[in-house]
Amino acid sequence: MINLHEPIFDKDDEDYVLEALRSSWVSTGGPFVDKFEKDFADFVGSKHAVSICNGTIGLQLSIEALKHRFRVLNNFDIILPSLTFIATANAVVHAGGSPHFIDTDENSLQFSIENFKKYILNNYEYRFEQKYWINKVTFNRLLAFIPVHIMGWSAAESYLLKGISEEFNLTILEDAAEALGTYNLDETHIGNESLAAIFSFNGNKILTTGGGGMITTNDFEFAKHLKHLSTTAKIDNFRFVHDEIGYNFRLVNLLAALGCSQLKKLKSRLVRKKEIFDLYSNYLNSPFLNLYKQQNCHSNYWLNCVIFKDFNLREKALTILIENKIQARPLWTPCHLQPAYKVENNLLLKYTEDIWNRTLSLPSSPKILNEDVKFISDLILLSIIGDK
Ligand SMILES: Cc1ncc(COP(=O)(O)O)c(C=O)c1O
């Protein structure tokens with residue numbers, strides 16, 4: 001079996017985890033949490049990093065902190081792309097809000113700025129006195145926009161996201177779950193021009209702690225509140241006094257130890273990821289498909305994707321790959337078509353649906369063998385010839 005994305009652990013990872021185990025600081029306290037947060041902030045170039053137990057929770061917690069900042073209870077909206085893992089939308093609902101889905105650009109995995117602007121102008125009215133947008137039908141306040149950096153490619157360059165935020169006076173939280181190691185063209189790491197960016201350390205990510213996540217922000221008060229909320233909002237460690245209804249959302253020291261050791265190897269892992277992309281790019285030469293790429297960033301090349309000319313070609317390739325025990329995968333079903341959300345959103349998002357139907361994610365583990373990349377590519381090309 002060639003898997004879609006496998007983690008790599010070495011002796012160094014084992015040593016770090018053992019050190020945490022032997023110290024008996026496996027849970028709430030311990031030095032690795034602080035070190036991981038500091039090292040991670042340094043890597044991303046943000047002022048603060050707050051570790052959490054996974055990326056979904058990071059999104060939810062950021063929305064909770066935003067509600068607190070703007071004194072919003074429930075009855076709020078958040079705009080996000082439909083083409084994302086369902087966790088992005090679920091986090092909005094878990095925090096008490098309503099997700100509103102927008103389209104991608106044509107032939108793109110990323111949200112459409114055009115569609116975002118159209119959506120906001122058609123569906124919301126700006127209240128100049130209060131300085132926020134109100135849904136014309138439900139009167140919900142529009143609390144934020146969550147762009148998602150799909151597959152490790154930038155949703156939009158940071159300066160563009162900042163521009164959207166300023167033009168619409170709207171907070172942006174970036175779902176960067178898949179985009180650790182993705183840089184803007186000016187070499188700054190993505191995620192630094194919005195209020196916060198949320199990263200995932202799930203087992204299939206470029207850096208893993210088994211499960212885990214990080215929220216980065218340059219806003220001191222926001223970081224402080226995130227930490228407070230994620231650690232049960234405790235104000236007295238001895239008498240256990242809590243000033244808010246907080247959460248137990250923190251990353252534990254045992255896993256933070258793994259995060260520290262994994263982070264040390266991230267740079268070299270990014271080099272290998274680029275090599276894998278280049279190999280696919282070299283082998284997958286056909287007028288019937290494209291290896292997905294964007295010009296607006298330096299990707300971390302998390303999961304390589306092929307976009308086929310049509311759905312049938314995609315399905316043929318998928319079948320032949322699965323027959324050969326290769327774990328290729330279609331994109332997630334877009335959120336607006338999910339049974340969990342469809343009832344409320346009878347939407348047609350034509351570019352999202354089009355690219356979803358034609359795309360296949362390919363095995364992209366850093367430890368994949370070069371000859372396996374060639375084998376996978378040959379099978380894909382063979383499936384096309386067989387179809388013609
Ligand atoms: C785009 C996106 N958002 C959010 C998440 C949620 O992260 P986690 O699995 O750590 O909860 C993931 C992935 O797992 C993801 O790919």
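**Loops, helices and salt bridges in a predicted model**

Thr 232 lies in the loop between helix 7 and strand 11 (234-236). Helices (H or I, at least four residues) and strands (E, at least two) are DSSP runs, numbered from the N terminus. This is a predicted model, in which local features need pLDDT of at least 70, side-chain atom pairs count only at pLDDT 80 or more, and totals for chains, interfaces and linings use all residues. Residues are numbered from 1 along each chain as its sequence is written, and side-chain values use heavy atoms, with hydrogens and water left out.

Start with the backbone. Thr 232 is not a glycine, yet its phi is positive, near 60°. Most residues other than glycine have a negative phi. Thr 232 has a relative accessible area of 23%, so it is partly exposed. The classes are buried (under 20% relative accessible area), exposed (over 50%) and partly exposed (in between), with a 1.4 Å probe and protein chains only. Phe 139 also carries a positive phi, about 65°, and is not a glycine. Its place is the loop between strand 5 (132-135) and strand 6 (141-145). Phe 139 is exposed, because its relative accessible area is 56%.

Now the charged pairs. Side chains of opposite charge can pair when their charged atoms come close. The structure holds 19 salt bridges. Each is a side-chain nitrogen of Lys or Arg within 4 Å of a carboxyl oxygen of Asp or Glu. One of them joins Glu 37 to Lys 227, at 2.8 Å from N to O. Glu 37 sits in helix 2 (residues 31-44) and Lys 227 in helix 7 (residues 220-230), so this pair ties together parts 190 residues apart in sequence. Glu 37 is buried, at 9% relative accessible area. Lys 227 is partly exposed, at 26% relative accessibility.

A salt bridge also joins Asp 219 and Arg 69, at 3.0 Å from N to O. This pair links distant parts of the chain, 150 residues apart: Asp 219 is in the loop between strand 10 (213-217) and helix 7, and Arg 69 is in helix 3. Both ends are partly exposed: Asp 219 has 21% relative accessibility, and Arg 69 has a relative accessible area of 33%.

What separates Arg 358 and Asp 354 within helix 12? About one helical turn, because they are 4 residues apart in that helix (residues 350-358). Arg 358 is buried, with 9% relative accessible area, whereas Asp 354 is partly exposed, at 30%. Elsewhere, Asp 10, Asp 12, Asp 13, Lys 264 and Lys 265 form a network of salt bridges.

Helix packing comes next. Helix 3 (residues 55-69) packs against helix 4 (residues 87-94) at about 40°, with axes 8 Å apart. Axes are lines fitted to C-alpha atoms, for helices over the stretch in contact, and angles run from 0 to 180 degrees between N-to-C directions. Helix 3 and helix 4 are therefore oblique to each other. Under 35 degrees would count as roughly parallel, over 145 as roughly antiparallel and 65 to 115 as roughly perpendicular; the rest is oblique. The crossing of helix 3 and helix 4 is right-handed, meaning that the near helix is turned clockwise from the far one by less than a right angle.

Finish at Leu 18, in helix 1 (residues 11-23). Leu 18 is partly exposed, at 33% relative accessibility.
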